[in-house]
Amino acid sequence: MSNNTKALDIRQVPQGRLAMWTLIAGELIIFGGLIAVYLLNRIRYPEWGAEAVHTSTMFGAINTCVLLLSSFTIVLAHNEANKNNIKRAQLYMFLTIVGGLAFLCIKSIEYSREISEGLTFTSPAMVAKGEGVKSLFWSFYYIMTGLHALHVIAGMTTIFIIMMQIGKGKNIHRVELAGMYWHMVDLVWIFLFPLLYIAK
Amino acid sequence: MEHKFHDNGSVVDPDVKTDYHGHPNYFRVLIYLLAMLGISLAVFEFHLPVNIAITIVFVVAFWKIGLVVRNFMHLRYEHILIWVAVFAAVFILLVFFLGVFPDVPMVHREVVPKY
Amino acid sequence: MEHGHKQSFASKYLFSTDHKVIGIQYITVGLLMAVIGGFLAYVFRYNLAFPGKDIPLFGQLLPQQYNTFITNHGMIMVFWVGMPILLSGLGNLLIPTMVGTDDMAFPFLNMLSFWIFTLSAIVLIAAFFVPGGAFGGGWTMYPPLSAGGYMNTSPDLLTALFSGTSLMILAVALEFVAMLMGGINFLVTTINKRAKGMTPWRIPLIVWFLDIASVIFMFSCGPLVAGAFMLLLDNIVGTGFFDASRGGDPILWQHLFWFFGHPEVYVLLLPALGVLGEIIPVFSRKPLFAYKTIIYLALASAVLSVVVWAHHQFVSGIDPRMATFFSVGTIIISIPFAGIFLAFMATLWGGSIKFTVPMMFALGFVALFLVGGLTGLFLGSNAFDIYAHDSYFVVAHFHYTLFPDIFFGFFAAFYFWFPKYLGKELNVTLGKIHFWLTTIFFNSTFFLLFFNGLHGQHRRINDYSFFGNVAMEPYSTFEKVATISAICLILSQLVFVLNLFKTLSSGKKAAKNPWNAATLEWVTDTPPIHGNFETFPEVYRGPYEYSVPDAKDDFIPQNVAN
């Protein structure tokens with residue numbers, strides 16, 4: 001199957017998919033640039049490990065699980081949309097949005113715990129607490145997870161709009177495109193999870 | 001009024017409703033993904049030596065990414081040009097990382113202010 | 001010519017989704033920004049030659065304003081003149097017509113791209129009018145000057161957001177969004193909407209080059225987008241990603257910036273080379289020499305363009321071993337471009353050359369770019385660069401590359417395609433006068449600055465009367481010559497404006513194919529109708545079939561079957 005389709009004419013790839021892949025490649029470089037910058041700093045300062053201890057692996061793992069499940073539901077939505085089962089496709093899309101909301105809720109609980117511990121965006125709080133630590137770990141933590149959360153919101157909005165549209169019978173092929181975007185958001189999180197929550 | 005449609009050489013209509021690629025068993029992929037998540041958590045729980053743990057965790061992460069891209073995003077059914085685009089993105093990030101590497105992590109700590 | 005429904009003025013000229021209108025909009029905004037950029041150049045050049053004097057049309061220039069002006073001159077000329085005119089403007093006009101289709105793949109996205117671009121231009125100009133003025137730390141926005149430490153700082157978030165620094169970062173980010181949208185459109189259109197028979201090796205060179213430029217742009221700007229986000233937060237909420245006093249690393253910003261900033265040079269260069277690739281065969285009446293090789297060379301240069309960036313940082317304290325690597329990379333990348341230029345020369349060889357206005361600009365480009373390219377080799381090797389860094393030698397070098405690139409490239413394209421897309425014949429005499437004035441004054445502006453630079457004049461000093469040892473004769477005379485020539489250079493563009501308006505108001509209607517060119521855009525009506533082609537063309541041959549023996553004319557258009 002896969003050998004056979006790789007010989008297909010590039011013009012058989014629908015325009016939307018082509019554009020989506022281009023967008024995803026671009027997005028990967030934006031996120032990748034941020035992650036590369038973090039990695040470079042992380043290797044330079046091994047002592048950031050002491051601060052990464054404050055991130056909650058449990059919350060991170062639950063969130064990974066939530067995103068993986070929502071990726072699964074959106075791919076099922078695409079599958080159903082292909083078979084023209086609009087109602088079921090909409091149900092799966094709705095579940096995906098619920099997954100996204102759950103992700104954001106867990107994330108905000110996590111943020112509020114960290115902020116109440118004094119671990120903020122600018123993180124001079126650590127200095128105030130007399131620990132003498134002044135590192136950018138928390139700045140990176142918030143900028144990476146925050147940028148990711150913005151993408152989650154964008155993905156949810158897109159999925160919601162398309163869920164409404166396919167209800168009217170329009171743009172059924174776009175379910176797949178919104179799904180691809182959502183998977184990209186998932187991918188970024190899969191990489192952020194070990195980076196921020198496990199490597200301590 | 002007359003509209004010109006996309007019969008200008010595009011093999012398919014851009015608003016095509018069925019897709020041209022196959023569908024893997026999504027549920028099996030999900031099970032693999034969750035199992036991988038389990039592995040990375042186990043590595044964290046058992047306090048393996050740091051280097052080994054980090055290696056395992058990142059190998060697992062890349063494997064998971066591969067599973068999602070290949071199956072959920074259907075890259076395995078995709079045209080070679082799209083593979084090229086995705087790998088070019090990764091390659092360019094690698095170039096950036098290696099090019100900057102000597103100037104950030106390898107800087108001698110004496111010249112870096114100590115905190 | 002059937003317009004389906006009557007379009008209102010706004011939907012026809014402002015919020016049009018027609019690629020031709022959007023292309024013209026991009027070029028118009030680009031030219032308006034060029035007027036602003038040119039005015040800034042005039043003000044600070046005048047101040048350099050006659051420090052302390054009142055500047056006509058402006059008044060006194062304060063030192064901080066001088067910084068602001070050079071910063072914004074660089075920013076505007078690269079991102080708001082070069083990018084919209086060469087990449088978006090030409091790309092929008094040419095790609096759909098040259099690959100033989102009705103419009104871009106995503107016309108609405110295309111319109112959105114233009115309006116986001118316009119918004120970014122407004123944001124950039126608005127920065128001049130906020131308290132504290134526009135950003136003045138150099139167009140590269142190096143921290144700590146840009147990281148909230150020293151300029152336009154404010155403790156309060158809202159004021160910090162509307163400071164010159166933040167607005168400039170925002171404007172750049174918006175511009176990137178616009179160009180990314182445009183780039184996706186270009187790629188999808190070329191890949192997916194080609195005419196029947198338009199195989200990859202029958203696509204005209206400029207379409208290839210515009211697409212390669214879009215790819216380079218898309219793949220190199222990512223880290224800078226992330227970096228701009230971080231720099232913005234450094235400014236408005238007080239993180240310290242790039243501020244050493246807050247635990248960050250300013251060198252990292254330089255890497256992020258130049259990782260994009262150097263490939264950007266090729267993003268600007270490739271479309272202009274594509275223009276040459278279209279014009280030179282037409283006016284030599286010969287097929288383009290080594291068409292496939294040129295494309296392979298351009299692809300090679302695209303790959304190499306991401307391994308040269310740190311040659312901008314030789315004096316910033318980067319690892320010396322890497323400096324060697326980047327020196328070698330920089331010198332290697334001149335090989336593909338030398339190859340491309342040699343192929344153009346070989347196209348001229350033995351051709352029956354016609355010195356029309358576009359051809360003169362194309363050849364002027366080649367001649368002037370040679371000077372810029374060769375001095376680039378000097379600067380690429382780090383031993384010399386450490387001496388010449390930040391001097392007028394560098395200034396002269398990059399004006400010798402970018403001025404021919406942006407302006408000669410644009411003017412060549414303008415004189416070549418104007419009759420097609422606006423349907424009027426330009427005045428040839430005025431065009432030739434424009435060419436000669438531009439060439440002469442451009443050279444007299446920048447050539448002498450090489451010597452000023454070698455003598456040690458630094459580019460960011462607003463008043464050399466304080467530095468007697470580098471401002472002695474003849475260098476202060478050179479400054480004056482450069483300034484007067486720069487003013488003449490700007491004034492000679494009035495010939496172009498005159499020609500443009502004269503033609504628009506009373507030009508003769510242009511023929512369908514005035515230059516006897518073979519690519520697809522010359523097959524349609526002049527100007528092309530909405531939707532470009534009455535019936536979609538089918539392509540049977542490559543784009544450069546000139547001087548074909550036994551042909552009816554001496555060329556065969558792409559859509560003619562055997």
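Start in chain C: select helix 2 (residues 19–49) and helix 3 (residues 63–99), which pack at an angle of about 160° with their axes 8 Å apart. Helices here are DSSP runs of H or I with at least four residues, numbered from the N terminus. The axes are lines fitted to C-alpha atoms over the stretch in contact, and angles run from 0 to 180 degrees between N-to-C directions. So helix 2 of chain C is roughly antiparallel to helix 3 of chain C (that label needs an angle over 145 degrees). Colour the residues of this contact by type and you get 22 nonpolar, ten polar and one charged. Nonpolar covers Ala, Val, Leu, Ile, Met, Phe, Trp, Tyr, Cys and Pro; charged covers Asp, Glu, Lys and Arg; the others, Gly among them, are polar.

A word on what's on screen: this is a predicted model, where local features need pLDDT of at least 70, side-chain atom pairs count only at pLDDT 80 or more, and totals for chains, interfaces and linings use all residues. Residues are numbered from 1 along each chain as its sequence is written, while chains are lettered from A and ligands numbered from 1 in the order in which they are written.

Next, click C:F451, in helix 14 (residues 428–455) of chain C. It's partly exposed, because 15 other C-beta atoms lie within 10 Å (20 or more would be buried, 12 or fewer exposed, with C-beta atoms placed from the backbone).

Last stop: 49 residues of chain B are in contact with 51 residues of chain A, meaning C-beta atoms within 7 Å, placed from the backbone. On the chain B side, helix 3 of chain B gives the most, with eleven residues.

Definitions and conventions. Two residues are in contact if their C-beta atoms, placed from the backbone, lie within 7 Å. Helices (H or I, at least four residues) and strands (E, at least two) are DSSP runs, numbered from the N terminus. Angles under 35 degrees count as roughly parallel, over 145 as roughly antiparallel, 65 to 115 as roughly perpendicular and the rest as oblique.
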